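Trainee: I've got this one open in the viewer and would like to talk it through. Can we start with how the chains meet?

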There are 2 protein chains.
Amino acid sequence: MTKEKELVFGHKNPDTDAVVAAISYSYLQNKLGFNTEAVALGEPNEETKYVFDKFDAKYPRVISAANGEVKSVMLVDHNEKQQSLDDIDDLTVTHVVDHHRIANFETANPLFYRAQPVGCTSTILWEMYAEEDVEVPSELAGLMASAIISDTLLLKSPTTTDEDKAALKSLAETAGIDYESYGLDMLKAGTNLDSKSTKELIDMDAKSFDMNGNSVRIAQVNTVDIADTLKRESEFTADIKAENEKEGYNLFILLITNILTSDTKGLVLGDENAISTFEKSLNTKVEDNKASLPGVVSRKKQVVPPLNENF
Amino acid sequence: MTKEKELVFGHKNPDTDAVVAAISYSYLQNKLGFNTEAVALGEPNEETKYVFDKFDAKYPRVISAANGEVKSVMLVDHNEKQQSLDDIDDLTVTHVVDHHRIANFETANPLFYRAQPVGCTSTILWEMYAEEDVEVPSELAGLMASAIISDTLLLKSPTTTDEDKAALKSLAETAGIDYESYGLDMLKAGTNLDSKSTKELIDMDAKSFDMNGNSVRIAQVNTVDIADTLKRESEFTADIKAENEKEGYNLFILLITNILTSDTKGLVLGDENAISTFEKSLNTKVEDNKASLPGVVSRKKQVVPPLNENF
């Protein structure tokens, strides 16, 4: 008997891990007898394009809603409903593999849920392949290694764990790549911001959070030269203001992160109260809409938790 | 460096699995380098007493709040906050191992979460011992086998999976018990209701659910003779009415389950609307506060999901 088809996908505004984890989990689940298709909730960013070109891999079909195509789905690299399919409330979530906090997530039935506080979903999947004794094909290993490089900024992010290091080493070996030199090229490819409008850049890797009734939007762009990125500051500011108005965000934070020096400058706009909560949470001052965040590279580990606590 | 101490516990009104899973997960985590103590959120029921006597095991310390004793905790066999420690909101949940739906659960930080749609938390733990290559001691194996017998009604509940069967067989072998005959004795010991007041019986294995703003309380007692249990119907009814008044429940369902025939009679009291939602959900009629639920034995799989959908 063939199982009923399910879709597997990562979050909206997909980064490399969101797309790769979907492909990787779909492959594993199909080996275990499920009937799944990996899809993506958005087009690839510059880095992800570079990765898929490098390993000659096919980017999944892009959808924003299931529209009755399936009844059940599997989530990777996210669980919060505002980061998922538009019609997620009409679907049954049967499986989740994730490395984020759990919030805005509720099911009517028991399900399979696997979360670990590691740097990358692909690291958890690498462990699951081993547990199920399924071999990672070489091309997929290259994608998964790239996802780990992306999420951990080449193992330099404070989210990095020993498991991420072990997974990257093993996957790079399977893929036959030198992950240090490849990783730097890949991260640099992701910082090619010139081809994007500022509106595209504030949308590209942005996530929404509900924090005690406050609607908080946190976007992040990686760069190798923050001053260069800030040449377009007035355009960024105008776009963020328009976005706050349109979407009703109480706070919008654009994290501009230098991946070589592991520092971040924040562009921060929103309600007065929300901005002072931001200042208190991150122990910084917002001057002229900008805040210095030395040593901050991880939205998930260094920005969301203190905000969440103070809101 | 010694890790900071964490408490490990199952849900309030603990059943055998809630207590045994806490002991079993605490043992495993300590083997893996954590510093944990298993506690229970309530006194043992008749069945659990029988189990702990049989394997000469020590029942854990009973608490209802952490009261600053620890900062972090690990949950087993539950995640919904109303089923947990009274001060769970002041604590950080670092680990969860569970086999229920996820609801009313939110964290500020990434965590370890392992849920599988199997019949018993102890089944998941049995798999985790194998994955971590940690041996289950014989006494603990007896407790874990008892938890599986309890949750799956000796593998007869519709929640039972192949994993539960494999786990029970393996654990019974380690413990050196004939699980069929021991299981029947154990379940019968749990149905010794005569020593309990009706108030104790409606509290014993009761869980609260928030269903779209409706406060729903579902209690379950196991018996080998429903008619005999219903000799005290008027006392049950009076106690449930008093409870609804006191706690503001919109609906109280007492499931009286015959573990030999796998049938249930429900005593159902509450708001008129809630009762008709119950009737619609379970496809039954409530007459004189009573509803027949043939083939129903699992609150989690056969009662909560349809209620949740219809509320």
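Trainee: How much area is buried between chain A and chain B?

Mentor: Keep in mind that this is a predicted model. The contact involves 23 residues of chain A and 23 residues of chain B. Carbon and sulfur atoms give 57% of the buried area. The total comes to about 2,100 Å².

Trainee: And which element gives the most to the side of chain A that touches chain B?

Mentor: By class, that side of chain A has 11 nonpolar, 7 polar and 5 charged residues. Two elements of chain A each supply at least two residues to it, namely α11 (299-310) and β6 (112-115). The one that gives the most, with 4 residues, is β6(A).

Trainee: In which sense do β1 and β2 of chain B pair?

Mentor: Start with B:Leu7, which stands opposite B:Glu37 in β2(B). Strand β1 covers residues 6-9 and strand β2 covers residues 36-40, with 3 bridges between them. Their sense is parallel.

Trainee: How are the two copies related?

Mentor: Chain A can be laid on chain B by a turn of 180° and a shift of 0.0 Å along the axis, with an RMSD of 0.0 Å. The relation is thus as by a two-fold rotation axis.

Trainee: Which residue of chain A has its C-alpha nearest the axis?

Mentor: The same surface serves both copies, and 100% of the contact residues of chain A recur in chain B. As for the axis, the nearest C-alpha in chain A lies 2.4 Å from it. That C-alpha belongs to A:Arg114.

Trainee: Which residue does B:Arg101 form a salt bridge with?

Mentor: There are 2 salt bridges between chain A and chain B, along with 6 residue pairs in polar contact. For B:Arg101, the closest N and O atoms are 4.0 Å apart. The partner is A:Glu106.

Trainee: How many residues apart are A:Glu4 and A:Lys71?

Mentor: Over all chains the structure holds 42 salt bridges, and A:Glu4 and A:Lys71 meet in one at 3.1 Å, N to O. A:Glu4 is in the segment before β1 (6-9) of chain A, while A:Lys71 is in the loop between β3 (61-62) and β4 (72-76) of chain A. The pair links distant parts of the chain, 67 residues apart.

Definitions and conventions
Residues are numbered from 1 along each chain as its sequence is written. Chains are lettered from A and ligands numbered from 1 in the order in which they are written. This is a predicted model: local features need pLDDT of at least 70, side-chain atom pairs count only at pLDDT 80 or more; totals for chains, interfaces and linings use all residues. Side-chain values use heavy atoms; hydrogens and water are left out. Contact means heavy atoms within 4.5 Å. Buried area is the accessible area (1.4 Å probe) that two parts lose on being put together, summed over both. A salt bridge is a side-chain nitrogen of Lys or Arg within 4 Å of a carboxyl oxygen of Asp or Glu. A polar contact is a pair of N or O atoms within 3.5 Å; within protein, one must be able to donate a hydrogen and the other to accept it, and residues adjacent in sequence count only if both atoms are side-chain atoms. Ala, Val, Leu, Ile, Met, Phe, Trp, Tyr, Cys and Pro count as nonpolar, Asp, Glu, Lys and Arg as charged, and the others, Gly among them, as polar. Copies are superposed by least squares on the C-alpha atoms of residues with pLDDT of at least 70 in both. Two strands pair if DSSP finds at least two bridges between them.
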